[in-house]
Amino acid sequence: MFHKSIRFKITIIYMAILAMTLSVFSAILYHQVSKSLCENMDTLLRSRAEGIVSAISTYWSTERLGTMRYGANAETDGEYVDFPTIAHRWVEAKSKDPKLLNIIVQIFDAKGDIVASSKNTQGITSVSDQTLYAALQGRSTFETLRSSFPTKKVQLFRVFIAPAIQNESVEYIVQVGSPLDPINNALYSLKVTIFILFPITVLITGVMGAFLATMTLRPVDSMIRTIHDITAENMKMKLAIPDTKDEIQKLAETFNDMLARLDATFTSQRHLFEDLSHELKTPLTILKGEFEVVLKKMRAPDEYETVLRSSLEEVDKMTRLVENLLMLASFESKKIMPERTRVDVGLLLKSVINSIRKLSDLKKVDVSFGGIEGAAVTGDEKQLKQLFLNIIDNAVKYTPQGGSVGVRVEGGDKNVKVIVKDTGVGIPKGDIEHIFDRFYRVHSARGVHGFGLGLSIVKSIVDAHKGRIDIDSIPGKGTSFVIILPL
């Protein structure tokens, strides 16, 4: 179902992140615009108030000079006895000034009584005691006032009160104000725009995100269809690897690698069952034949003993086969972990050589030991003994009568090297890469007794000890095994 798909989840998460981001951005934008508009209005009101104070002072100076020209008493030059008239005249004269459009102007005396005002006072006719006190102290202040008319709704005004100071005293107070409607209207328009564009942007982006997710995951859909067609019978089927240079390409390559490993495992298991059936078939057939011959008629006791001994040999073969297979399975499943003890490789090799001395003497194969003394590794002594026993035993088995097997130990700073070199039949180059496979036997060794599991066990033990085994062989001249074990 689509709502449970990855592309749907990616789209929803993407839209949620975008919505959160836009919300934060819109809140910051709204706050910054509101702050900027208010600061601009405060700056404008301050500028208008300062201009009014300067203009009234200039206007008053002009009127005073005119009065003196007509013989007025100079003693009253500094007294603003006619200031209300002067202030009223100035307000009347400047009432149509474009700079004062939508600006409320009111002039108060030092007592807080109104002296002059513009016609559009909007009901603002007084100054609060706190504001008056601040103005008399020479401080300018901002206020936000409410004004209402019987036929109009309540309006908010931003007001600036500035004292006019002359001779270190407050001569009069100028109040300028402006309605906040333009700011509120601008913020309302911004808010409506955000509320309209917000869902549209998120929706459009979500659709585009779903489209991009679909395009990105299209190779995955193709991979899913191919995976549905893969069964145990066609493990060699591979996924088409997209040339995207991304995680999806890596996923396809990794899955193909996994298929290759599974195919190799299934093939190995199939061969194992086939080889195991073949190996068990021979001793079981021999057992069955001997039992049938014995049961045809009564036999002498020595004949029964001969049959039983032969049957016991076949049972021993099957027992060894099963034990070797169990050992290999344990190594592969990591159930057998090497014990970590100090093992003297030289002493261990001498013990192994002594244990197969009977076989080498029987075949008249000379087994010699050389190299350094006291070389030791940290590992499992039993497993290492099994490792060297299998290799030296193979070397003796596949060396013709009168040949030789040399065992040598070499030491290094980081590892110990054991070299087992024989003068046997050798291994063809094409068979070397397969000799560690279970039940694999070189054609020239078919006549030698064995199951083809010895070298598989050797490889498992070497791998368990983090070591390495190399082979160099010349058919007809001999084989050299080099086992490298870390210290």
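**A residue and its setting**

A: Ala 49 lies in helix α1 (residues 6–69), a helix being a DSSP run of H or I of at least four residues, numbered from the N terminus. The model is predicted, so local features need pLDDT of at least 70 and side-chain atom pairs 80 or more, whereas totals for chains, interfaces and linings use all residues. Residues are numbered from 1 along each chain as its sequence is written, and side-chain values use heavy atoms, without hydrogens and water.

Ala 49 counts as buried because its relative accessibility is 0% (buried: under 20% relative accessible area, 1.4 Å probe, protein chains only). Leaving aside residues up to four places away in sequence, Ala 49 touches Phe 160, Ala 162 and Val 176 (contact: heavy atoms within 4.5 Å). Val 105, 56 residues from Ala 49 in sequence, lies 8.5 Å from Ala 49 in space, C-alpha to C-alpha.

Elsewhere, the axes of helix α9 (residues 381–397) and helix α11 (residues 454–464) come within 9 Å and cross at roughly 140° (axes fitted to C-alpha atoms over the stretch in contact, angles from 0 to 180 degrees between N-to-C directions). Residues meeting there include Leu 387 and Ile 391 in α9, and Ile 457 and Ile 461 in α11. This contact of α9 with α11 comprises nine nonpolar, five polar and no charged residues (nonpolar: Ala, Val, Leu, Ile, Met, Phe, Trp, Tyr, Cys and Pro; charged: Asp, Glu, Lys and Arg; polar: the others, Gly among them).

As for confidence, the protein chain averages a pLDDT of 80, and 84% of the residues score at least 70 (pLDDT: the predictor's confidence in each residue, from 0 to 100). Over residues 74–81 the pLDDT is below 50, and this stretch has seven contacts in the model beyond near neighbours in sequence.

Notes: Helix = DSSP H or I, 4+ residues; strand = E, 2+ residues; numbered from the N terminus. Buried < 20%, exposed > 50% of the residue type's maximum accessible area, 1.4 Å probe, protein only.
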